[in-house]
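Please look at the chain shown here slowly, from one end to the other, before reading the report that goes with it.

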Amino acid sequence: MNNNERLYKISEIADIAKVNKTKVWRYIRDNNISERSMKGNAKLYSEHTKDVIIKAFSSESVHLATETKADTSRILLEQIDILKDELERKNDQLDKMQSLLDQQQQLNLSTNRQNEKLLDTTTNNTPSQDDSPSQSDDTDVLKPTDGNSKGVENKTPKKGLFGWLRR
């Protein structure tokens, strides 16, 4: 072991690489990297090992950033396509609604014209027997009936819990 060579702890490598200590530890574990020496419980790694780990994390972050940008742009393009399809469907629905509203307005206009014609024809004609009230109809409300000719009200007592209040 060279006394001039600087040795690095996992935490120092993590600080230099600007990543979490756990990431550095997992990388060392997954790649079977052995420590140069031990200082107490801390494992120490050589300058060369530090450079390899830092290079791995810097290239990984560049690769992840590139993948992330590609994924994001792909997702955005898919969303744009979905939104375009939805917009086309909504435009079709609006066109159908507009045509239905036009039809409804034309039907209303036609119905109003027919009603006006019917009113004109009934006002110009003399009333027929069907239009006048029948003489035998005895439901006039102004005439007194047999039981109510004196104007006296017949009250029946209301039943129930608060019937005494209604008297």
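The report below goes from the overall fold to single residues and the contacts of their side chains.

This is a predicted model, in which local features need pLDDT of at least 70, side-chain atom pairs count only at pLDDT 80 or more, and totals for chains, interfaces and linings use all residues. Residues are numbered from 1 along each chain as its sequence is written, and side-chain values use heavy atoms, with hydrogens and water left out.

## The fold

The protein chain contains three helices and two strands, and from the N terminus on these elements follow one another in the order α-α-β-β-α. Here helices (H or I, at least four residues) and strands (E, at least two) are DSSP runs, numbered from the N terminus. The protein chain has 167 residues, of which 11% count as buried. A residue is called buried under 20% relative accessible area, exposed over 50%, and partly exposed in between, with a 1.4 Å probe and protein chains only.

## The aromatic pair

A pair of aromatic rings is described by the distance of the centres and the angle of the planes. Rings of Phe, Tyr and Trp (its six-membered ring) pair if their centres lie within 6.5 Å, and the pair counts as stacked when the planes are under 30 degrees apart, as edge-to-face when they are over 60, and as tilted in the rest of the cases. The structure holds one aromatic pair. Its partners are Tyr27 and Phe57, whose rings lie 5.6 Å apart from centre to centre with 50 degrees between the planes, and this makes the pair tilted. Tyr27 belongs to helix α2 (residues 21-30) and Phe57 to helix α3, so the pair links distant parts of the chain, 30 residues apart. Phe57 counts as buried because its relative accessible area is 7%.

## Salt bridges

Side chains of opposite charge can pair when their charged atoms come close. A salt bridge is taken here as a side-chain nitrogen of Lys or Arg within 4 Å of a carboxyl oxygen of Asp or Glu, and by this rule the count comes to six. The table gives some of them.

| Acidic residue | Basic residue | N to O distance |
| Glu12 | Arg6 | 3.6 Å |
| Asp30 | Arg29 | 3.3 Å |
| Glu47 | Lys50 | 3.3 Å |

How exposed are the partners in these bridges? Glu12 is partly exposed at 25% relative accessibility, and Arg6 is partly exposed as well, at 45%. Asp30 counts as exposed at 52%, whereas Arg29 is partly exposed at 43%. Glu47 is partly exposed, with a relative accessible area of 29%, while Lys50 is buried, with a relative accessible area of 9%. Glu47 and Lys50 are separated by about one helical turn because they are three residues apart in helix α3. Glu47 and Lys50 also belong, together with Asp51, to a network of salt bridges.

## A negative patch

Lys and Arg count as positive and Asp and Glu as negative, while His and the chain ends are not counted. A patch is made of residues with over 30% relative accessible area and no salt bridge, like charges being joined within 9 Å and nonpolar side chains (Val, Leu, Ile, Met, Phe, Trp, Tyr) within 5 Å. Asp81, Asp85, Glu86, Glu88, Asp92 and Asp95 form a negative surface patch. One of these residues, Asp81, has its place in helix α3 (residues 47-124) and is partly exposed, with a relative accessible area of 45%.

## Loops and positive phi angles

Most residues other than glycine have a negative phi, and most peptide bonds are trans. Lys18, although not a glycine, has a positive phi of about 60 degrees; Lys18 is found in the loop between α1 (10-17) and α2 and is exposed, with a relative accessible area of 74%. Asn32, also a residue other than glycine, has a positive phi near 50 degrees. The loop between α2 and β1 (37-39) holds Asn32, which is exposed at a relative accessible area of 68%.

## Lysines around Lys9

Lys21 lies in helix α2 and counts as partly exposed at 48% relative accessibility. The C-alpha atoms of Lys21 and Lys9 are 9.8 Å apart in space, and the two residues are 12 residues apart in sequence. Lys39, by contrast, has its place in strand β1 and is exposed, with a relative accessible area of 63%. Lys39 and Lys9 are 30 residues apart along the chain, and their C-alpha atoms are separated by 9.3 Å.

Conventions:
Areas by Shrake-Rupley, 256 points an atom, 1.4 Å probe, with all protein chains shown as cover. Charge placed at Lys NZ, Arg CZ, Asp CG, Glu CD.
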